Amino acid sequence: MTNRQTMLIIEDEKNIGNYIETILISNGYKALRAMNGMSGLSMCTSHHPDLILLDLGLPDIDGMDVLERIRGFSGVPVIVISARTQEREKVTALDRGADDYITKPFGSEELLARIRTALRHSNQAGSQKTQTQTYTCDELTIDFEKRLVTLEGEDIHLTQIEYKLVSLLAKNAGKVLTYDFILKEIWGPYADTDNQILRVNMANIRRKLEKNPAEPHYIYTEIGVGYRMKEG
Ligand code: CA
């Protein structure tokens, strides 16, 4: 028997919960359902799911509170389900420990890709040794040990900051990283920086890596949130 991974869906809207459950089950996952925040928290402690899909707008307690309480005792991957009207909340959720977000309405392929990425990253976090030494995606290769970036076999010269940015995104490929997270990782928690410095660096990186910087192939902008690098 295969050990099917268990997903906990915390979502009060029946139709959306049913939709997600159907996708999960037909793709070999086990699904648990909670209709509100408190039962979600209790199922999280009693069933130890492998991943949680968390709606932000819940009838009893705020989804953000649920997230914070989960993070108080567990590092389980959490994907936040947000509505279009919750743009700010999803950024806050990411900064407070959510692994990713998905905006309603979403398709099955998008949901499954987000789940695979979150599970992969949580597995890697548990076994640092197996973390890969290279990132390869289409024509782009990054060798983290040699700090070497090549595009179509040609060395690409990046400044130190540009390299740090690209390697941070590549090590988290598939996952959205918020502006705040990136700024803290690259310039440190106390640096006097803002998103502008990030935009300038990203524009330079795209000029070097992308055939058409206006329609990036490797590093996508998640408007109002941050950046996401394509998975290799
Ligand atoms: Ca809801």
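1. Buried means under 20% relative accessible area. R114 has 15% relative accessibility, so R114 counts as buried. The model discussed here is predicted.

2. R114 has a salt-bridge partner in E110. The closest N and O atoms of this pair are 3.3 Å apart. E110 is partly exposed, with a relative accessible area of 31%.

3. Where do E110 and R114 lie? Both belong to helix 5, which covers residues 108-126. Four residues separate them, about one turn of the helix.

4. R228 and E222 form another salt bridge. Here the closest N and O atoms are 2.9 Å apart. Both R228 and E222 are buried.

5. K211 lies in the loop between helix 8 (195-209) and strand 11 (219-222). E152 lies in the loop between strand 8 (148-151) and strand 9 (154-155). The pair therefore ties together parts that are 59 residues apart in sequence.

6. E152 is at 46% and so counts as partly exposed.

7. How many salt bridges does the model have? The count comes to 14.

8. Now the helix packing. Helix 2 (residues 37-47) packs with helix 3 (residues 63-73) at an angle of about 15 degrees. Their axes are 10 Å apart. Angles under 35 degrees count as roughly parallel, so helix 2 and helix 3 are roughly parallel to each other. Their crossing is right-handed.

9. Which residues make this contact? Helix 2 contributes G37, M38, L41, C44 and T45. Helix 3 contributes V66, R69, I70 and F73. By class, the contact of helix 2 with helix 3 has six nonpolar residues, two polar and one charged.

Definitions and conventions. Residues are numbered from 1 along each chain as its sequence is written. This is a predicted model: local features need pLDDT of at least 70, side-chain atom pairs count only at pLDDT 80 or more; totals for chains, interfaces and linings use all residues. Side-chain values use heavy atoms; hydrogens and water are left out. A salt bridge is a side-chain nitrogen of Lys or Arg within 4 Å of a carboxyl oxygen of Asp or Glu. Helices (H or I, at least four residues) and strands (E, at least two) are DSSP runs, numbered from the N terminus. Buried means under 20% relative accessible area, exposed over 50%, partly exposed in between (1.4 Å probe, protein chains only). Axes are lines fitted to C-alpha atoms, for helices over the stretch in contact, and angles run from 0 to 180 degrees between N-to-C directions. Angles under 35 degrees count as roughly parallel, over 145 as roughly antiparallel, 65 to 115 as roughly perpendicular and the rest as oblique. A crossing is left-handed if the near helix is turned anticlockwise from the far one by less than a right angle, and right-handed if clockwise. Contact means heavy atoms within 4.5 Å. Ala, Val, Leu, Ile, Met, Phe, Trp, Tyr, Cys and Pro count as nonpolar, Asp, Glu, Lys and Arg as charged, and the others, Gly among them, as polar.
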